[in-house]
Amino acid sequence: MSAAIETRGLSRRFGARLAVEDLSMTVPERAVYGFLGRNGAGKTTTLKMILGLIRPNAGAVRVNGIDVARDRIGAARQVGALLEAHGFYGNLTGRENLGLTATLLGLRKAEIDRVLEVVEMSADADRKVGGYSLGMRQRLGLARAMLGAPPILVLDEPTNGLDPDGIADMRRFLRSLSERTGATVLLSSHLLGEIEQTATHVGVVNDGRLVLEGELARLKADLAPELIVRTGDDTRALSLLLAHGRSPVAAEAGLTVALRPGEDPDQAAAAITRQLVESGASVFAIGPRERSLEDIYRRVAGFRSSLAEAA
Ligand SMILES: Nc1ncnc2c1ncn2[C@@H]1O[C@H](COP(=O)(O)OP(=O)(O)OP(=O)(O)O)[C@@H](O)[C@H]1O
Ligand SMILES: [Mg+2]
C-alpha cells in the first residue's frame with residue numbers, strides 16, 4: 001500500500017513555542033486515519049501544514065507523492081479539507097457558498113447537488129448560512145470538502161458542534177466513506193472513543209510529537225493477551241490466582257489475568273477455571289479480553305490519562 005499522505009520531520013514554531021516537533025506520519029491509501037491528541041497538542045497545525053496553509057520551519061509533506069512545498073496547487077487538487085473556521089459567507093445561501101468553490105474548481109451545478117445530498121443538507125441549501133446552526137455549518141463544510149470527489153479528505157474535528165444524532169451520523173458516514181468512494185480520510189479528534197469507532201489507523205500526537213502510529217487492529221493484536229474472569233467471589237479468586245503465580249487485576253467486568261509468554265489462551269482459561277473450581281470458587285465466565293484503543297494508550301510513555309477519560 002502506498003502512502004496518500006506522508007510527512008517527514010515536520011516542525012513548526014510560533015514564537016518560542018514549538019507547536020509541532022519532528023513529526024513523521026504516514027497515512028496509507030484508503031485508510032481512515034484518526035489523528036488523536038489533546039487540546040493544543042498540534043493537530044490543527046499539522047493538518048494546516050499538510051494542506052500547505054502554513055509553512056513548516058523544517059520537514060516535508062507529500063500528498064499522493066506531490067511535494068507540497070514544490071507544488072502547492074497540484075497537492076491541493078488532491079485534497080478536500082474541513083477546518084475549524086469554515087470561512088463561509090453568512091449573507092449567501094449554503095448552495096451559493098458551495099457555488100463559489102465549485103466555480104473555482106470548474107465543477108458543474110450537479111456536483112453541488114450531489115454533495116448536498118451526501119451530507120443531507122439539500123432541504124436547507126437555499127437558506128442563508130448566517131442562519132445555520134453550528135452543526136449545519138459543519139455539514140456544509142464537509143460538503144465543500146467533498147466537491148469534485150478528491151481522493152483525500154482532511155477533516156479537522158469533523159464532529160465538532162454536532163448533536164448526538166449528528167455525531168452518530170457523521171461517524172457512520174466517515175466509516176463508510178472510504179469503502180464507498182475509495183477516498184483516504186485523515187481526521188483529527190481529541191476523543192479516544194471517536195477514533196476507535198471510525199478509524200482503521202491511528203496516530204497519537206502529544207506536545208507536538210507523534211508518540212504512536214499504526215493500524216488499529218495490529219496495535220491491538222500486538223498487546224499481550226489477557227483473560228477476563230467473572231467469579232462468585234472476586235476477592236477470594238484474586239488470592240487464589242495469586243497463590244497460583246498469576247497477577248490478577250480487579251476490573252469492573254471481572255478479574256483480568258495476563259497470560260504468560262507463549263501461553264495458549266484456551267489452555268490458560270482451562271487451567272485457571274480448574275484451579276478456581278477445585279478451590280471451591282464458582283466461575284461464571286472466562287474468556288479473552290477485548291482490547292481497546294485505551295489499552296494501547298496506556299502503553300505509550302508519558303501519556304496522561306485525561307484523553308481516556310474524555311472519551
Ligand atoms: N497562529 C498561532 N499563533 C501562536 N500559537 C499558535 C498558533 N496556532 C497554534 N498555536 C499554538 O500551537 C500549539 C498547537 O496548536 P494546535 O491548534 O495545532 O492544537 P490542536 O491539537 O489543534 O488543539 P485543539 O484540540 O484545541 O484544536 C498550541 O500551543 C497553540 O497555542
Ligand atoms: Mg485544533
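In this predicted model, helix α10 (residues 265-278) lies across strands β12, β14 and β15 and runs at about 30 degrees to β12, where axes are lines fitted to C-alpha atoms, for helices over the stretch in contact, and angles run from 0 to 180 degrees between N-to-C directions. Helices (H or I, at least four residues) and strands (E, at least two) are DSSP runs numbered from the N terminus, and contact means heavy atoms within 4.5 Å. Residues are numbered from 1 along each chain as its sequence is written, while chains are lettered from A and ligands numbered from 1 in the order in which they are written. Local features need pLDDT of at least 70 and side-chain atom pairs count only at pLDDT 80 or more, whereas totals for chains, interfaces and linings use all residues, and side-chain values use heavy atoms, with hydrogens and water left out.

The strands belong to an open, antiparallel sheet of four, ordered β13-β14-β12-β15, two strands being paired if DSSP finds at least two bridges between them. At the edges lie β13 (249-251) and β15 (283-288), each of which pairs on one side only. Neighbouring strands of this sheet are turned by 25 degrees against each other on average, direction ignored. Helix α9 (residues 234-243) also packs on the sheet, where α9 touches β12, β13 and β14 and its direction makes about 15 degrees with that of β14. Antiparallel pairing between β12 (residues 226-231) and β14 (residues 254-258) extends over four bridges, and Val229 has Leu255 as its bridge partner in β14.

The magnesium ion (ligand 2) is coordinated by Thr44 (OG1) and Glu84 (OE) at 1.9 to 2.6 Å; donors are N, O and S atoms within 2.8 Å of the metal (3.2 Å for Na, K and Ca), and the site may look incomplete because water is not among the atoms. This pair links distant parts of the chain, with Thr44 in helix α1 (residues 43-50) and Glu84, 40 residues apart from it, in the loop between β7 (79-82) and α3 (94-105). Thr44 counts as buried because its relative accessibility is 19%, buried meaning under 20% relative accessible area, exposed over 50% and partly exposed in between (1.4 Å probe, protein chains only).
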